[in-house]
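This report looks at aromatic rings and how they pair. A pair of aromatic rings is described by the distance of the centres and the angle of the planes.

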Amino acid sequence: MPNCPKCEKPVYFAERKTSLGKDWHAACLRCEKCNKTLTPGGHAEHEGKPYCHNPCYSALYGPGGFGRGGAESYVYKK
């Protein structure tokens, strides 16, 4: 039985969400920056960690500058 990459506890078949090639608990598949609940396949990935598309991934790893990526007003320190 695989362990969840977030909490390291076993993931049972009935509760698993498969994303990024790993099995997660539904409550553990969250954005690394804002902690928003994510759906499998509906999020971005950076270095094996899940991020919501907008604003977190766009602001952290998208193109910079005004009018780029739709996340101009969000500024995060990496």
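## The ring cluster

Tyr51, Tyr57 and Tyr61 are linked into a cluster by ring pairs. Rings of Phe, Tyr and Trp (its six-membered ring) pair if their centres lie within 6.5 Å; planes under 30 degrees apart count as stacked, over 60 as edge-to-face and the rest as tilted. By this rule there are two aromatic pairs.

The model is predicted, so local features need pLDDT of at least 70 and side-chain atom pairs count only at pLDDT 80 or more, while totals for chains, interfaces and linings use all residues. Residues are numbered from 1 along each chain as its sequence is written, and side-chain values use heavy atoms, with hydrogens and water left out.

## Tyr51 and Tyr61

This pair is edge-to-face, with 5.5 Å centre to centre and 75° between the planes. Tyr51 belongs to strand S4 (residues 49-51) and Tyr61 to helix H1 (residues 53-61), so the pair ties together parts that are 10 residues apart in sequence. Helices (H or I, at least four residues) and strands (E, at least two) are DSSP runs, numbered from the N terminus.

Tyr51 is buried at 8% relative accessible area, whereas Tyr61 is partly exposed at 28%. Buried means under 20% relative accessible area, exposed over 50%, and partly exposed in between (1.4 Å probe, protein chains only).

## Tyr57 and Tyr61

Tyr57 and Tyr61 form a tilted pair, 5.5 Å centre to centre with 50° between the planes. The two are four residues apart in helix H1, so about one helical turn separates them. Tyr57 is partly exposed, at 26% relative accessibility.
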